Amino acid sequence: MLSCGLIGLPLVGKTTLYNLLTKSAQETSSFFTGKTEAHKGIAMIPDARIDFLSGIYKPRKTIYAQLEVVDLVGLVKGASEGQGVGNAYLSQARNVDSLVHVVRVFNNPDVPHPEGKIDPLRDIETINLELLFSDLDMVEKRIERIEAGKKKADQAKELSILGRIRDALHNEKTVHSLDLTDEESAYIRSFALFTEKPMILVVNIDEEQLRAKDYPHQEALRQYAGEKSMPLLEICAQAELEISQLEPGDQEEFMLDLGIAESGISLLARSIYHHLKLISFFTVGEDEVRAWTIDEGITARAAAGKIHSDLERGFIRAEVIKYSDLHELGNITRVKEKGLFRLEGKEYIVVDGDIMSIRFNV
Ligand SMILES: Nc1nc2c(ncn2[C@@H]2O[C@H](COP(=O)(O)OP(=O)(O)O)[C@@H](O)[C@H]2O)c(=O)[nH]1
Ligand SMILES: [Mg+2]
C-alpha cells in the first residue's frame with residue numbers, strides 16, 4: 001500500500017490531521033513532548049463514484065482506495081546532526097512514498113511556537129534544510145566509499161550521477177527537481193532520499209483565517225509553492241476535526257457556515273493521489289464494490305495483478321465499462337444495449353474510473 005508521512009515542526013497540527021485522515025484518536029498536545037514513536041494508520045480516500053456504485057450493487061462490503069498515513073514526530077533544527085529525535089527518526093521517515101509537510105499559520109495562544117513567533121516560510125526552510133542535509137550526508141558517504149574502493153572504474157556512471165546530486169543539494173536544490181531518468185534514479189533508490197519524494201504543503205490555518213479567506217504570509221506561501229511546483233492546501237485542521245465529530249446533517253450546515261465545499265481531508269487525499277500520479281479502477285458485484293489503486297499508464301494485465309497474482313498470470317481478457325457511462329445510464333443492461341461494454345486485451349492501458357472484470361484461467 002502507498003504511504004504518506006506527515007512531517008513538520010512540533011505543534012503544527014500533524015497529529016490532528018492524522019486523526020482526521022485515519023479516524024483515530026491519538027493524543028494531541030499543546031506542549032512539546034519529545035515523543036519519538038510514529039503512529040501508522042489507514043486513510044480511506046473519499047470517492048463519490050464508490051458511493052454511487054455501492055448504491056447500485058448494495059454489496060456486503062464497500063472498500064475505498066486506501067493510503068497508509070504515518071504521523072511522524074516533530075522535526076527540529078539540527079535533526080540531521082542528531083538534535084532532537086535525530087537520525088533514528090529520519091530513517092523511520094524515509095520509508096514513505098510521499099511527504100505531507102504541515103506548516104503552522106493558525107493563532108492559538110495556548111500553543112506556543114517552538115521558535116517564539118509564527119513564520120511559516122522560515123519553518124518550511126528549517127524542515128527542508130534538515131531533509132536536504134540528511135540526504136547530502138547519505139550521498140557524500142556513498143561517494144567516499146566508492147572513491148576509496150577498488151571498483152571505482154566500474155562505478156564511474158554511478159559516481160557521476162551522485163556528483164550531480166551532491167552539487168544540486170549543495171545548491172539547496174531537491175533531487176526531485178533534477179527529474180532523473182528511471183535508470184539514474186535506480187542508483188539511489190535504496191537511499192530513499194527525502195528530497196526525491198513528492199511533497200505537498202498543508203498550511204494549517206485557524207477558523208477566523210478560514211472565514212476571512214486570508215491570513216498572514218498567504219501571498220508569500222503561494223508564491224513559494226508555485227515556484228517549487230508544489231501543491232498547496234489551506235486546511236483548518238481543528239475545525240475539520242470538530243466537523244467530523246458532528247452528526248452528518250450538522251456537518252453540512254457547519255461546512256456551509258464556514259464556506260467549505262469539500263472537506264480538507266477529501267481535498268488532501270485527492271491531492272496526494274493526483275500528485276503521485278495514481279488512478280483508481282473499480283470492481284463491482286453483490287459481494288463487494290471496491291476501488292483499486294494503480295499507477296497511471298499501466299496495462300490491464302498488470303492491474304489485474306493488483307487484485308491477485310493468478311489474475312495476472314492467467315489473464316485472458318478484461319471486461320470494461322466506463323464509470324461515467326454507468327453513472328449516466330444507471331444500469332449495466334442499458335450500458336450493454338448502447339454497445340458501451342468492451343472486451344480488452346492484456347495491453348490495454350487502464351483509465352481512471354474503469355470498471356473491470358477480469359477473465360482468467362490458471
Ligand atoms: N486553533 C487551532 N489549534 C490547532 C489547530 N491544529 C492544531 N491545533 C492545536 O495545536 C496543538 C498541537 O497539535 P498537534 O496535532 O498535536 O501537533 P503536532 O505536534 O504537529 O502533532 C494542539 O493543542 C492542537 O489542538 C488549528 O487548526 N487551529
Ligand atoms: Mg504529534
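Which residues are linked with R49 in a network of salt bridges? The network joins D47, R49 and D352. A salt bridge here is a side-chain nitrogen of Lys or Arg within 4 Å of a carboxyl oxygen of Asp or Glu.

This is a predicted model, in which local features need pLDDT of at least 70 and side-chain atom pairs count only at pLDDT 80 or more, while totals for chains, interfaces and linings use all residues. Residues are numbered from 1 along each chain as its sequence is written, chains are lettered from A and ligands numbered from 1 in the order in which they are written, and side-chain values use heavy atoms, with hydrogens and water left out.

Start with the domains. The chain is assigned domain 1 (3-275) and domain 2 (297-360); the bounds come from an automatic or database domain assignment. Their C-alpha centres lie 34 Å apart.

Now look at the interface. Six residues of domain 1 are in contact with eight residues of domain 2, contact meaning heavy atoms within 4.5 Å. About 580 Å² is buried between the two domains, and carbon and sulfur atoms give 67% of that area. Buried area is the accessible area (1.4 Å probe) that two parts lose on being put together, summed over both. R49, F52 and L53 supply 73% of what domain 1 buries against domain 2, more than any other three residues.

The rule finds one salt bridge across this interface. R49 also forms a salt bridge with D352, with the closest N and O atoms 3.2 Å apart.

Next, the wider picture. Side chains of opposite charge can pair when their charged atoms come close. The salt-bridge count comes to 20. One of them pairs K157 with E183, at 2.7 Å from N to O. This pair links distant parts of the chain: K157 sits in helix 5 (residues 156-170) and E183 in helix 6 (residues 182-186), 26 residues apart. Helices (H or I, at least four residues) are DSSP runs, numbered from the N terminus.

How accessible are these two side chains? K157 counts as partly exposed because its relative accessibility is 42%. E183 is partly exposed too, at 48%. Buried means under 20% relative accessible area, exposed over 50%, and partly exposed in between (1.4 Å probe, protein chains only).

E147 and K152 form another salt bridge, their closest N and O atoms 3.0 Å apart. E147 is partly exposed at 42%, and K152 is partly exposed at 36%.

Key
Helices (H or I, at least four residues) and strands (E, at least two) are DSSP runs, numbered from the N terminus.
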